[in-house]
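Have the viewer open as you read.

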Amino acid sequence: MPRIQIGSWASDAVDWLTNNAAWLFDFVTHVLNGFYTGIHAVLAGPEPLILAGIFAIIAWWLRGLPAAVLTFLGFALIDSIEQWDETISSLSLVLVACIITIVVAVPLGIWAARSRAVGGALRPVLDLMQTMPAMVYLIPGILFFGLGVVPGIVSTIVFSMPPAVRMTELGIRQVDEELVEAAEAFGTHPRRTLFRVQLPLALPTIMAGVNQVIMLALSMVVIAGTAGGGGLGGSVYQSLSSVDVKLGAEAGLSVVILAVYLDRMTGALNQRVSPLGRRALAKAQAALGGMKFLRWKPATSLATVGVVVLALVAGGMGYFGKDSGGAAAGNDGHGRSISLGYVNWDEGRATTFLWKEILEQRGFKPKVQALEAGPLFAGQARGDIDVQSNAWLPTTHEAYWKQYKDKLEDLGAWYDKTSLEIAVPSYMKDFKSLEDLKGKGSTFGGKIIGIEPGAGEMKILKDKVLKEYGLSGEYKVQDSTTASMLAELQRAYAKKKPIAVPLWSPHWAYNKYDLTKLKDPKGAFGSGDSLHMLGRKGFSKDEPLVAGWMKNFHLDEDQLTSLENEIQTAGIGHEQEGVRAWLKKNPGLVDKIAPSSHADYAKGKDAGKAPDIGFPAWDEGIATTYLWKNVLEKRGYKPKLHNLDVGPMWTGLSTGQIDVETDGWLPVAQKQYWDKYKKDLVDVGPWYDKTSLEIAVPSYVKDVKTLDDLRKHKDEFGGKIIGIEPGTGEMKRLKSTVAPAYGLDGFQVTSAGTSGMLAELQRAYGKKEPIAVVLWSPHWAYSKYDLTKLKDPKGTWGAENHITSIGNKSFPKEFPEFHGWLKNWKMTPDELNSLEKDIQDAGKGNEDKGVQKWIDAHPGIVDKMAPVK
Amino acid sequence: MVFGRRPKDAVRRLQEGADRDELRAEGTTAAVIDASIEVDEGQIFVVMGLSGSGKSTLLRTLNGLLEPTAGTVRFDGEDLTSLSAKDLRKVRSEKISMVFQHFALFPHRSVLENAAYGLEVQGVPRAEREKRAYEALELTGLKGWEKSWPDELSGGMQQRVGLARALATDADLLLMDESFSALDPLIRRDMQDQLLELQKTLKKTIVFITHDLNEAMRLGDKIAVMRDGRIVQIGSAEDILVRPANDYVASFTQDVDRTRVLTAGAIMTCADEVLGTTAPDGKKIATLDDFLAAAPAVVGEDTPIVDLFTPCSVSTVPVAVADKAGKAVGAVRADRLLAALGEDDGGPAAPAPRPATDPAPADRLTKAAAADAKKDAEAPEDNDPEGKVSAGA
């Protein structure tokens, strides 16, 4: 039997659609989102109790006083258990889905009833829609429509459409043919027959279909919750994934209240809108006596008045009660929204809400969403989620990472103390290590309750761990879900029954239950995952500042545990309060994690002063000078930069025209200037000491490692050493000391300047020609090319230089604060190289941009360089 | 009228002599074949047949609910088969109305609204259509029930609503599709009586479908008997009863209460036969006047024979049959009376043709002629005068 590749065809089709029909999906998304937002805005506007009152009046109108009272109580209860917002979201979603479903399904049903061909063609499609498991099209739905309510709405429509079409078709077919014939016999136009005879008579059946639609839609809400549909589905999903019985019960109860209300109301709607229903109702009421007031229902007009009055009250309250909104908290974000997604595990929730708080403080508008790993990755690959905070890599989420890594950016690991393990309750005293499991299969019923079959841990467990510990035949790993595994664990734990489950740390289960992590002496589980922040593709380009913060973000075990605890204490729905409490105990942490790029830079004491800063056109000079320019500006200074040749600069420094420069190479390279002007100058202090002067050759020139080697291979280099500016200390030193010591006198040392040297280096490097250049460290050329610094065993280049800031002697008095900063300032080779490279990348004239990028990527650097109190 | 795939082919095959069963084997149903009927104005024309005989189909071709595969329907000078859908609807709403077997009342409308339905379709303003609906309901004896709902009425009353709905539009032609079949016998009789009563004053042209020969005989001025889609006989009640066209019709008439259908005029012999006989009291009967004097009873030609038994049993002189002027036109002897009951072929002598009781030729005739497939081509060239229409199925 040949393999029929239905799966890959479907996958190809989805890919093709994703790539080629994006405009269509975007359009649909836009429309549905707008529709949803509109309805949601209307429903979420009023005070909960007023809306409950409106619902109650509708119930009174449709079903009488007892229903109205129960409705009000039910919705008040929802408000009381803090599920109101979720309920309204779900209600909006259900309404949008149902309205669309009905608008599409009823005409479709009518068409099917009138044409056998249409009915026949529709039937298999409807069957497919009804029976295909919703999860199957939810993921493509995310690819098409992105995360959020839209795939939820679409899935709901798909799922709830069939009964509406079928019931409409059935209802119309059920209408006595003789009645239709009678209408025809009296010369009724077919359209009129449809609207005046068939539809009114089919209405009870159609309304039964509508009722079904609403019920199915409500049942889909939970599934939509896993795709970021939010609402009660989100609550239910959250409770499932954390075995939170409390939340589950509350969210579930809210679903039930909503469902019963919608069910009873649509059921009763039939009695109001359909003539037959009205007839039946009148009959039933005539048959009953006593307690009439219970069954008294306001007339439609009266009910409308009631609803309008309450709506006006709600509107008025909304208008007058509108709070003015908090003042803008920060200004890095300027209200830009960043969506954070997380798998609903404790560490994910903790970091995500931490970041939510941080970003809000920095003026962003972050949104957080808990999702299943699948939808989360798919949604992020599509760009709906900017950052997810708890990707377990490289193992646990390996499958997703592999699939989507082209569309994601790794913002780095922020926590690495994780481990994968098998855990057993600690009341099972004999089990301390995986080895103890052997031969005890019967204790556990030969079972290990697993998690999702696609999870990396399951793969390791099945492929490696069982084998290495010889447990393969004895234990069967049962595929399950994380939620089911945890529920199973809870059940067994309560009864003190043996159970073994794959688990990972950090996990809240370790706090809740007393569990033993089985030791893994053979290391079969491998080293643990790290927790990574993942950005969508292009995130660090769009939000370099945030990406920079995240790249440097790190939590240690204590921090994470205490944060999780605070959040746990604050309770579900109040995560952010927990975060705030935690931050209060960790002052300054926000600034450390997310040093703001501008806004909240405190002014320096000498703010407003305008130091004249000189710099030579050397890379480290440009880099550090522009760096300081930016730092000083943030502190309120108005620095003026002067690009000068070395000689004039030193002269300027001595006369006070230049207040300070950062690129003094001492004690060797610029000795002559220092010696000449030192009485008018101060050495503010070195900031870099890993310098060296050297001659470098590309490392593809294999045999040349030392200056001696260079001499031996003189011909290969055409007898030339490419030099820099002739007046510099290094050139002088080369000629006066180095060349004679190694017999390099025969070499011709060109002196075309630094840029000429670098151009020549690049040209030769591209052609793999041998070349020897005068170079120094630090230099970005070392990060760009693979070069060998030729050894100087005789030490002829002299003592190594440090780079220091040189100021006019009045500088410390005139700019005491700046002087203090410069004095304490240090740079590492990595910092300097990356700064030079960022400036190089930004291009000439855009130095400030390169610097800003580097500052963004080095959060806290401003405070470090220029601390203010 | 052919249902099924490729009806035109079936018509051709019928023309070539194929029969209905052959077609059925091929999956096509010839519902009505070769049916030509002509209904005169003011007449109750009954189409009778068992289920499946095609009578309902025939009825629905008359108002265009079904379009004949071949042939034409002419109504009031118009060929209904050639009308556009819109014009056809207009004809249906204004000139032809229909009463259904199961009443077909709209359950979501009150009795009044049901009765006014046809007028509503015509676009008559509410006030006027309610007035006319009130009148129609009053006519059918439902005064006071206007605000009720159909499901609150008994079957008979529901059908009165159906009748009122049909009458309210003031249509000329009333199509009644087994309208009384769903009613129990007593109610059915009532309704029949009421229909006849109404017909006396309204003089509608009615085509009435039934499977009940008694009903056909009671109501029908003219009866068409259908079998297997073909009309096997058209004639008056007596014609059917006394001169059945074939065994099928004869067997059909077996259970009919002949004494109520047959009239004195149908079985009487010539009055001259009595002349020369002697009355029980010894008097000679020499003249027709003697006969009238001696006869145990003098009845009109329309008198059902059920009324003749008592007089016959008290005298040897036949019952005299007189015309409207009181002149003896025939005699009914006891033996003949008995012979008439034994349905065979009506006794020794063919009864004299029944004098025409129909009104003078109508200035406007409703004639539905269902030409069979074979005659299809001729139908349009029918020499019927203007005002007649032929229909083919």
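Helix 5 of chain A covers residues 84–114, and at 1.5 Å a residue its 31 residues should span 45 Å; the end C-alpha atoms sit 44 Å apart, which agrees. The expected span here is 1.5 Å times one less than the number of residues, and helices are DSSP runs (H or I, at least four residues; strands are E, at least two), numbered from the N terminus.

Of those 31 residues, 22 are buried, so helix 5 of chain A is largely enclosed by the rest of the structure. Buried means 20 or more other C-beta atoms within 10 Å of a residue's own, with C-beta atoms placed from the backbone.

## About the model

This is a predicted model: local features need pLDDT of at least 70 and side-chain atom pairs pLDDT 80 or more, while totals for chains, interfaces and linings use all residues. Residues count from 1 along each chain as its sequence is written, and chains are lettered from A and ligands numbered from 1 in the order written.

## Where the chains meet

On chain B, 18 residues are in contact with 16 residues of chain A (contact: C-beta atoms, placed from the backbone, within 7 Å). Helix 4 of chain B gives the largest share of chain B's side, four residues.

Terms used
Contact = placed C-beta atoms within 7 Å. Buried ≥ 20, exposed ≤ 12 C-beta atoms within 10 Å, placed from the backbone.
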